[in-house]
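This report describes selected contacts and surface features of one protein model. The sequence and structure are shown first, and the sections that follow take up individual features in turn.

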Amino acid sequence: MKQRLNLNLVISMSCYSSLYKPSLFHTTTNADIKAYLVGKLQTCKDLTSATLTHSKAIISGLSYDTFTTNHLINCYLRLLRIDHAHKLFDQMSQRNVVSWTSLMAGYVSHGQPIVALRLFHQMQASLVLPNEFTFATLINACSILANIDIGRRFHALIEIMGFGCNLVVCSSLIDMYGKCNLVDEARLIFDSMCIRNVVSWTSMITTYAQNAIGHYALQLFREFNHLRLDKPNHFMLCSVISACASLGKLGSGKITHGVVIRRGHDANDVIATTLVDMYAKCGCVHYSTKVFRRIQNPSVIPYTSMIVGAAKYGLGTLSLQLFEEMVDRRIKPNDVTFVGALHACSHSGLVDKGLEILDSMNVKYGVMPDAKHYTCIADMLGRVGRIEEAYQLAKSVQVERDGYALLWGTLLSASRLHGRVDIAVEASKRLIESNQQVAGAYVTLSNTYALAGDWENAHNLRSEMKRTGIQKEPGSSWIEIKESTYLFHAGDISNCNQRSEMLSLLRELEERMKEKGYVGGTTGVVFLDVEEEAKVEIMSLHSEKLALAFGLINTPKGVTIRIMKNLRMCRDCHETFKLISDIVERDFIVRDVNRFHHFNNGLCTCGDFW
DNA sequence: CTAGGGTTAG
């Protein structure tokens, strides 16, 4: 009969048996027992056999033995019993660097990096010296916390203690600097290394990919392949695909997909999820669906990736179908899934459905709506002109600092779009007072005044910006046609070689939009030239959707037109996509700049004109 | 001969 051992009893026994002198048991047979027990502990798959081995260790008088106890600690950590591991650790009479590092690593991998840092503090008092393993663990903790202040202090300590040349320590340092958006410092570490392996290359590639410099990521990947040091593994391929996604490089993405298949990683769920995301961001939701359907049992992340991809592309119905499908398959949606589902409602005009989902979040799925969900709802209401409701919602919810700017920034854009100067004024005030998105607030408020015909206030705001030196970074977008990339900066066409080509494309687009039944509405789009502040031009576009889909460029005449900006937020963006594809007779894609992986969870908002 | 580094959705 199998009997479950009482673990607490075993641990108490372990304490009690330490009263005996371990030297009594030090015989050759004891060494054999020790080897046997350690072997057991390393392969142990369940708590029952772990406790059994633990009790055997106690009976054999090994509870005093640091080496055996370290194995026990690691066994409990592997079985996710950090409490037992810590208890054992507390009872040890002789802790060595492995004991300390094991426990710290346990806390880091179980999502408690702060506890690991606290343990290091205690370790310093204990006179046990940290080694390269300890530092790799600690840097990992800083990386998760994105705490560069503590990270730098560890880095200094690493150099002082002479671990600055260790391969693993360096890889973790690259990762930490990367996660803190300090790309140059990550590169300094990478360049200083005398030996590199796949992991260090991957860390550097990932740093580029996650910091919106996908081109460098791809360049480094090419370099890695050229050097033929090693074959890329699934970690590296993941980062490379993710870089292609952020660049919208469909061609490179497809090539990397080919590498994935050739190297036999196509059954890897993480890779598949990255591919789903990449194809969606490159405007090929059809391919996303194909890759997604090959995943055997998609978890919440692949589902969410697919839901978000479809939502952004304007396929709201598909997105919501997938949402229902995952709920039917009893896969629990999380906060990100709801961002996707609400995005779908917002971009497909399914307002009632969106409100219904918001209400169901906590009640049915136990996910508390937060700022990002309220922002989706405010965006959704704003798009259909229910600006007053959006305003009341924004006023009624409590959100944290970052979410606050997101929410009121969305409200500001929505009120500009619908000419609600009163709300725009309040939203800008809130943003400026909280010292967030200040330049954007000034510009959008100024544009709102201009749209309402209040040129005086519009002009005054511009003057004040100039006087106080507040500057808005111009937005940019780029399109890729075959091998060439065309970059546009907001309010600047000077670097555009295809100026006349672009203009004729625009004119043709307008014609096509008219043919499609877009009546030239009264949607006036107001543009202020930042360089020549007095110049105000109003341009009426045939469709608000067209206006949203286009990024800003300045024509030689000073008229500002939006070209391909925020394509993904346009309700009919796939329609627009098709139209433009028809005209240029090629596939192309558009990406936004400034997409930071770790610290920018900014949502696309309606009328996010910059 | 116990402990350490790199990947996915917003």
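## Salt bridges

In this predicted model, the side chains of Arg-293 and Glu-325 meet in a salt bridge, with 2.9 Å from N to O. A salt bridge is a side-chain nitrogen of Lys or Arg within 4 Å of a carboxyl oxygen of Asp or Glu. Because Arg-293 lies in helix 17 (residues 285-293) and Glu-325 in helix 19, the pair ties together parts that are 32 residues apart in sequence. Helices are DSSP runs (H or I, at least four residues), numbered from the N terminus. Arg-293 is partly exposed at 47% relative accessibility, and Glu-325 is partly exposed at 23%. For these terms, buried means under 20% relative accessible area, exposed over 50%, and partly exposed in between (1.4 Å probe, protein chains only).

A second salt bridge joins Asp-335 and Lys-372 (3.2 Å, N to O). Asp-335 belongs to helix 20 (residues 335-347) and Lys-372 to helix 22 (residues 371-383), so this pair ties together parts 37 residues apart in sequence. Asp-335 is partly exposed at 29%, as is Lys-372 at 22%. Arg-420 and Glu-388 also form a salt bridge (2.9 Å, N to O). This pair links distant parts of the chain, 32 residues apart: Arg-420 is in the loop between helix 24 (401-417) and helix 25 (421-433), and Glu-388 is in helix 23 (residues 387-396). Salt bridges that share partners join Arg-293, Glu-325 and Arg-329 into one network. A search of the whole structure finds 17 salt bridges.

## Aromatic pairs

The whole structure holds 15 aromatic pairs. Rings of Phe, Tyr and Trp (its six-membered ring) pair if their centres lie within 6.5 Å; planes under 30 degrees apart count as stacked, over 60 as edge-to-face and the rest as tilted. Phe-120 and Phe-154 form an edge-to-face pair, 5.3 Å centre to centre with 75° between the planes. Phe-120 lies in helix 7 (residues 113-125) and Phe-154 in helix 9 (residues 148-161), so the pair ties together parts that are 34 residues apart in sequence. Both Phe-120 and Phe-154 are buried.

Phe-323 and Tyr-365 form another edge-to-face pair, at 6.1 Å centre to centre and 65° between the planes. Phe-323 and Tyr-365 are each buried. Elsewhere, one aromatic cluster is formed by Phe-120, Phe-135, Phe-154 and Phe-163.

## Surface patches

Leu-129, Ile-160 and Met-161 make a nonpolar surface patch of about 330 Å². Patches are made of residues with over 30% relative accessible area and no salt bridge; like charges are joined within 9 Å, and nonpolar side chains (Val, Leu, Ile, Met, Phe, Trp, Tyr) within 5 Å. Accessible areas come from the Shrake-Rupley method with a 1.4 Å probe; for residues, only the protein chains shown count as cover. Ile-160 is placed in helix 9 and is exposed, with a relative accessible area of 69%.

## Backbone in the loops

Leu-80 has a positive phi of about 60° although it is not a glycine. Leu-80 is found in the loop between helix 4 (66-78) and helix 5 (82-91), and counts as exposed at 61% relative accessibility. Most residues other than glycine have a negative phi.

## Basis of the values

Residues are numbered from 1 along each chain as its sequence is written, and chains are lettered from A and ligands numbered from 1 in the order in which they are written. In this predicted model local features need pLDDT of at least 70, side-chain atom pairs count only at pLDDT 80 or more, and totals for chains, interfaces and linings use all residues, while side-chain values use heavy atoms, with hydrogens and water left out.

Methods:
Helix = DSSP H or I, 4+ residues; strand = E, 2+ residues; numbered from the N terminus.
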